[in-house]
Amino acid sequence: MSDREMTAYRYGDGSIGYPGHPLGPDGQEPVDTVDLSEYTATVVTWTTSTATPPGVREPNHIAIVEFDVDGEPVRAIGQLTTDEIESGDEVRPIYAEELREPGAGIKIAESQAWDGFRFEPV
């Protein structure tokens, strides 16, 4: 279990967005946050990229997943931990300290540190 949160924003109209935005669909500021790492999600679709940018693993398995937070659907896109997956499978977010190699490419490594969540089958 990670102490990192996968934070989504809840808005006054009841919708939830990930990643959160300063204004919701109704133009109002968020009223609350939801930690999606406490939920499981369903794989909507997935693919494997074999032509990845510098520093990104190859092959890179990516999915669109959908969380059900109190009946409100919340979609997210992210890397998978495996290619042993099918649409409709249940996954959970797993924190990853490094989603890409920060020293690869031509940009300053410190500007390329990416952490976040991957999705692992349950």
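**Side-chain contacts in a predicted model**

Student: Is E66 buried, partly exposed or exposed in this predicted model?

Tutor: The relative accessible area of E66 is 28%. Buried needs under 20% and exposed over 50%. With a value in between, E66 is therefore partly exposed.

Student: With which residue does E66 form a salt bridge?

Tutor: The closest N and O atoms of the pair are 2.7 Å apart, and the cut-off for a salt bridge is 4 Å.

Student: How many residues apart in sequence are D115 and R4?

Tutor: D115 and R4 form a salt bridge, with 3.5 Å between the closest N and O atoms. D115 lies in the loop between β7 and β8, and R4 lies in the segment before β1. The pair therefore ties together parts whose separation in sequence is 111 residues.

Student: Is the ring pair of Y95 and F117 stacked or edge-to-face?

Tutor: The ring centres of Y95 and F117 are 5.7 Å apart, and rings pair within 6.5 Å. Their planes stand at 75°, while edge-to-face requires over 60 degrees. The pair is therefore edge-to-face.

Technical notes
Residues numbered from 1 in each chain as written. Predicted model: local features only at pLDDT ≥ 70, side-chain atom pairs only at ≥ 80, totals over all residues. Heavy atoms only, no water. Phe/Tyr/Trp six-rings, centres within 6.5 Å; stacked < 30°, edge-to-face > 60°. Salt bridge = Lys/Arg side-chain N within 4 Å of Asp/Glu carboxyl O. Helix = DSSP H or I, 4+ residues; strand = E, 2+ residues; numbered from the N terminus. Buried < 20%, exposed > 50% of the residue type's maximum accessible area, 1.4 Å probe, protein only.
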